[in-house]
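Please read the following briefing alongside the sequence and the coordinates.

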Amino acid sequence: MLELFELGFLHLTWGSVLMLLIGVVLLYLGIAKKMEPLLLVPIGFGVILVNLPLGGLMECIVNGNVVEAYALGGEPAGLISRVFRYGLAWEIIPCFIFLGLGAMTDFGPLLANPKTLILGAGAQFGVYFAFFVALLLGFSINEACSIGIIGGADGPTTIYLTNRLAPHFIGSTAVAAYTYMALVPIIQPPVIKLLTTKAERAIYMKPQLRAVSKREKLIFPIMAAIIIILLVPKSAPLIGMFMFGNLLKESGVTDRLADTAANAFMNILTILLGISVGCFMSAEAFLKVESLLVFALGCVAFASSTAFGVCLAKLMNVFSKEKINPMIGAAGVSAVPMASRVVQKMGQEANPRNFLLMHAMGPNIAGVIGTATAAGIFLGMVG
Amino acid sequence: MAQEKVEFPITGKVISVNVKQGDTVSEGDILCLLESMKMENPILAPVGGTVSEIGTSAGQVVEVGEVVAVIEY
């Protein structure tokens, strides 16, 4: 009975105070700096809520005892631990987010210049590079897969894969993926500048892309789903939902469904995902050397994905007559449209005539497919 | 005097036109802001010179190839 009147203050630890500060920083970045506010605000507030002692949001019942922190084998008993279990651990939310993404995606730029599909695939080398680095540092093969996939800068895919392979890392990998998505404008430019000369960055690309017919846009999601899932069966939940969402958009007869998938449904899922990921970042789960290392390696993964994309674009230039601006290779990570925006801005800086936005959208969208496929390859390998 | 015709590289809606006829611009100056793909995109002056003609106004929906401005240099 006395417990009812117990004050949270008495249970605050240095760790939870530090996490409260991290929560405030995330809120600051989201609200004041407008960095990925739709994600950082729910995640930041989740971090604050879960680190207030005795709140019980992530409570689980293990062997008849109530524990404050989320327990993988336990029965969820708190508000968010239930959402986490049945939404994330059951792999429902990340996959349905892909449905919404599909309904928001225009494959036009990719179809207009299918060469850019190679760049989206090329950037995934960074994922495998980080995978090997993590293996060398002593992480298990499952953990290394989850760390590598952060390089794709794709939140839902990272959560999906981590939950399957290394669920104890879900807080750190998810936050790393979303943080790096938000930090695209800060991490990518130095990597791009290191690998390109000013003359290369100034390479002009004609603005007009080939017009893509309605029929092509309609056939693409159907064919892409069939081919990719036959090639990488384990990518079916992500790629299947992604292409289904896109089909709703392009079919022309399911506008109502496409509208709901892209707006209301997506918003609901984003709220549930954000607050659940934030609540997974309790002091005891996050403030561990291992988790911080995951966070640091995620940055390696993301920077090397950017680097591989740029290098591949330079390689393509060696063999092709019409030169592409190598920076569009950096957009092969799946942070849509942040990576494209970075390329656009740097392209204009190097040459005010340049307008690379649409050219960068091709590899950028291909990057989403690439990262989801890479996750499927990892799952097929070890899952 | 040479002339450079600046065209819209992408479809969108003009948010603002930042120069007027007779203005002197330097290379890289913002001629107008275009909203496209839910982003604000600046259209920059490719050369320095004098704006001799403005081809657009705020609020206009534009297609690829329509004239933003003509710069004489």
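The structure is a predicted model, and local features are reported for it only where pLDDT is at least 70. Chain A contains 20 helices and 3 strands, and 53% of its 383 residues count as buried.

**Overall form of chain A**

- The radius of gyration of chain A is 21 Å, and since a compact globule with 383 residues would have a value near 21 Å, the two agree.

**Helix α19 of chain A**

- Helix α19(A) covers residues 338-350, 13 residues in total, and its first and last C-alpha atoms are 19 Å apart, which is close to the 18 Å expected at 1.5 Å a residue.
- Because 11 of its 13 residues are buried, α19(A) is largely enclosed by the rest of the structure.
- A residue counts as buried here when 20 or more other C-beta atoms lie within 10 Å of its own, and the buried residues of α19(A) include Met338(A), Arg341(A), Val342(A), Val343(A), Met346(A) and Gln348(A).
- Within chain A, the buried residues of this helix pack against α10 (170-182), α11 (184-195), α12 (198-201) and α20 (357-382), while from chain B they pack against β5 (39-44).

**The sheet of chain A**

- In chain A, 3 strands make up an open sheet with antiparallel pairing, arranged in the order β2-β1-β3.
- The edges of this sheet are taken by β2 (65-67) and β3 (75-76) of chain A, each of which has a single partner strand, so one side of each is left without a neighbour in the sheet.
- Strand β1(A), residues 60-62, runs antiparallel to β2(A) and is joined to it by 3 bridges, with Val62(A) standing opposite Asn65(A) of β2(A).

**A sheet of chain B**

- In chain B, 4 strands form an open sheet in the order β1-β8-β6-β3, and here the pairing is antiparallel.
- Strands β1 (3-7) and β3 (24-25) of chain B stand at the edges with a single partner strand each, so that each has one side without a neighbour in the sheet.
- Strands β6(B), residues 49-54, and β8(B), residues 67-72, pair in the antiparallel sense over 4 bridges, and Glu53(B) has Val70(B) in β8(B) as its bridge partner.

Technical notes. Residues are numbered from 1 along each chain as its sequence is written. Chains are lettered from A and ligands numbered from 1 in the order in which they are written. This is a predicted model: local features need pLDDT of at least 70, side-chain atom pairs count only at pLDDT 80 or more; totals for chains, interfaces and linings use all residues. Two strands pair if DSSP finds at least two bridges between them. Helices (H or I, at least four residues) and strands (E, at least two) are DSSP runs, numbered from the N terminus. The expected span of a helix is 1.5 Å times one less than its number of residues. A residue is buried if 20 or more other C-beta atoms lie within 10 Å of its own, exposed if 12 or fewer, and partly exposed in between; C-beta atoms are placed from the backbone. Two residues are in contact if their C-beta atoms, placed from the backbone, lie within 7 Å. The radius of gyration is taken over C-alpha atoms; the globule rule is 2.2 Å times the number of residues to the power 0.38.
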